[in-house]
Structures are given as structure tokens and as C-alpha cells.
Amino acid sequence: MPELPEVETIRRQLAPHVEGRELTVLDILDPRWCLPLAPEALRDALEGRRVERLGRRGKYLAWELEDEAYLLMHLRMTGTLLLDPPPATPYVRVRLALDGGERELRFCDPRRFGTGELALGAAARDAFFDLRLGLEPLSGELTGEALRRMARGRRAPVKAFLLDQRRIAGVGNIYADEALFRARIHPLRPAGSLSRAQCDALAAAVHEALSAGLAAGGATIDDFRDAEGVSGAFQDEFLVHRRRGEPCPECGGTVVKMVAAGRGTYVCERCQPRPRRRRARAPVGLRAAG
DNA sequence: CGACACTCCTGATGGC
DNA sequence: TGCCATCAGGAGTGTC
């Protein structure tokens, strides 16, 4: 599933092919893609405009067209954005053409969770992102101190904290697991219980995990493909994610799978010690030991 | 405000 | 081997 490194990989590949060109066709085949707006609304607002820049914010791909018209794409679980794909490519939801067909793009998405949203004016775009997204983790904003401020007083598991896009933008299930392992922090630790040193370590670990993913061209588990249709390589470098039953690369213990924040979560509980249970109100003696 | 369940969707997976 | 139920999950919404 595309997270920040996967989206950034696509952005870097596509930018030289789309920037400076005119979006001549925006053909939205699946109206669900742009709900609640109709496909015609996006087409009328965007067709014929020049692409000034292809940007990214969190997991969003942000098409910046002339006169401050923005198309904000999200790939969600299974979306891909393919450059000049083979004609038989399935699950096409949107077709885009640049410079009258000089370049063709297809937004393909078997599960149909992907979205495209329209923002007219820089203020509308900023409002859209400000409502949904927090710090950009690769921009230098994500310091240990910033993380500590956001986590203070929060009792939710730190994994849920990392997945909350309104605090840190772009971290998904894969990179949350990898960052927590690198920082030696158990995913069920209450976010607000982390020490200052652990906040520093976690901020650095998020940066490292995302950077490693980006350097490998992203991770492909099921569906992710870059703009050329090529799989990423980072799945081969996962330290714990999707490695249930395998030896921990650090201590040789066994990686286990559990559920945290409602997500499949992989952890080495020797390197990432389980948080102590909160004090129970019931008499201790009434409970059987785990 | 925060935490959690539910929802969308469909290919992959697993149990029998 | 084949079928069917269940799972997976990003983010929006609803509920307490």
C-alpha cells in the first residue's frame, strides 16, 4: 500500500514528464473516484491547463495547474498511476493525457479506494491539507521535541499515534512497524509514556525508515508499482514487517505478529519490550498470570 | 476532544 | 481440488 516513499517515488518519476505540459484530457471513468463532485466538474476545471508542478504532501500527490487549480490524488490501498501503460492494463479508473497524447497516464485501482479531489485556489488547497495532515517527516520538521509535544498526555498506543496523518503525514502500516523496531519501542506503548530519549529515537527512526524506503524505490507487497509499472524493492529490506516467525535481525529472537491500532503489527518483543500493564483496580490475586 | 467501531472495496488467503 | 467465509487496510464518519 502506497505510503510516503511510494508516492514520492511516483512523483519523482512523473514530474519530468508532466511538468510544463498541458493537461489535455482528464477522463474519469469511475465517478466514485471524485465524489462528491461529478467527473465533469473536475474535467471542466482542469482540462486545458498547464501543469506547473507535481508535488506531494503526506501520501497525496498534488497536481498544481495554472491559475491555482489543484488536483489532489490519493492512491489509498491499491492505486497506481502508470505512465504510458500497456493497452490491456486492467482496473483503469481515470485516464489523463498531456500535450494531446504525448504522454498518457492511467490511474488504476482494483479496490477503488483511491480518490481525486479538486481545490480551486491556494487557500483551498492549504485548507484541505491543514485539515488532514500534520508534519512532513522528511522536511526536518519532525524533531524529537516536536514528536514529544504531540505525544504528550496521549494514552493511545504509539502505533496509532504514528498512523494518525493529522500529526505526522505519510507514515502507514509498513513504515510505522519499521520505525518502531528501529527505535526499540513496542507498538502498544502509550504514546505519552515515551521518554525524551525515546522521542528523539523515534523521530530519527521514522526519518530513517522512510528514507530507506525511498532509496529502494518503495515497497511492493501486493499492488504497488511505480509510474513505469515496476515493483519496489524495500519489501526485501523489511526488518520486521511481514516477517512473522523469522529471526529478529538484531537479536535473533522471533518476530511475532499482533494487532495494534487495528492493524497487523510485527514486533520483536525482545528488542521492543512490552509496556508494563497499567495497574488493575481488582485485587491482583484474583487474576491468573499470563 | 479523544478513542474506537464501522464503512468503503475486491483480490488474496485459509479452512474444510 | 474447489468453494466460501474471512481478511487486509487508509481515511472518513459516526458514536460514546
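Predicted model: local features only at pLDDT ≥ 70, side-chain atom pairs only at ≥ 80, totals over all residues.

Mentor: Residues are numbered from 1 along each chain as its sequence is written, chains are lettered from A and ligands numbered from 1 in the order in which they are written, and side-chain values use heavy atoms, with hydrogens and water left out.

Trainee: In what order do the 4 strands of the open sheet with β2 and β8 stand?

Mentor: Helices (H or I, at least four residues) and strands (E, at least two) are DSSP runs, numbered from the N terminus. Two strands pair if DSSP finds at least two bridges between them. The pairing in this sheet is antiparallel, and the order is β2-β3-β4-β8.

Trainee: Why is one side of β2 and of β8 left without a neighbour in the sheet?

Mentor: Neighbouring strands of this sheet are turned by 20 degrees against each other on average, direction ignored. β2 (51–57) and β8 (115–120) stand at the edges, so one side of each has no neighbour in the sheet, as each has a single partner strand.

Trainee: How many residues lie between β3 and β4 in their hairpin?

Mentor: β3 (residues 60–65) and β4 (residues 69–74) pair in the antiparallel sense over 6 bridges. Glu64 stands opposite Tyr70 in β4, and Leu61 has Met73 as its bridge partner there. In the turn, Asp67 has a positive phi of about 65 degrees, and the number of residues between the strands is 3.

Trainee: Which residue of β8 is the bridge partner of Met73?

Mentor: β4 and β8 run antiparallel and are joined by 6 bridges. Met73 has as its partner in β8 Gly116.

Trainee: At about what angle to β8 does α2 run?

Mentor: Contact means heavy atoms within 4.5 Å. Axes are lines fitted to C-alpha atoms, for helices over the stretch in contact, and angles run from 0 to 180 degrees between N-to-C directions. Helix α2 (residues 39–46) lies across β3, β4 and β8, and its angle to β8 is about 50 degrees.

Trainee: Which residue in β7 stands opposite Arg95?

Mentor: β6 (residues 92–98) and β7 (residues 103–108) pair in the antiparallel sense over 6 bridges. Opposite Arg95 stands Arg106.

Trainee: Is Gly58 buried or exposed?

Mentor: Gly58 is in the loop between β2 and β3. Its contacts beyond four places in sequence are Leu4, Leu133, Glu136, Ala169 and Gly170. Its relative accessibility is 0%, so Gly58 counts as buried.

Trainee: Which side chain of opposite charge is nearest to Glu3?

Mentor: Glu3 is in the segment before α1 (4–18). Lys and Arg count as positive and Asp and Glu as negative; His and the chain ends are not counted. Glu3 is buried yet has no salt bridge (a side-chain nitrogen of Lys or Arg within 4 Å of a carboxyl oxygen of Asp or Glu). The nearest side chain of opposite charge is 5.5 Å away and belongs to Lys59.

Definitions and conventions:
Buried < 20%, exposed > 50% of the residue type's maximum accessible area, 1.4 Å probe, protein only.
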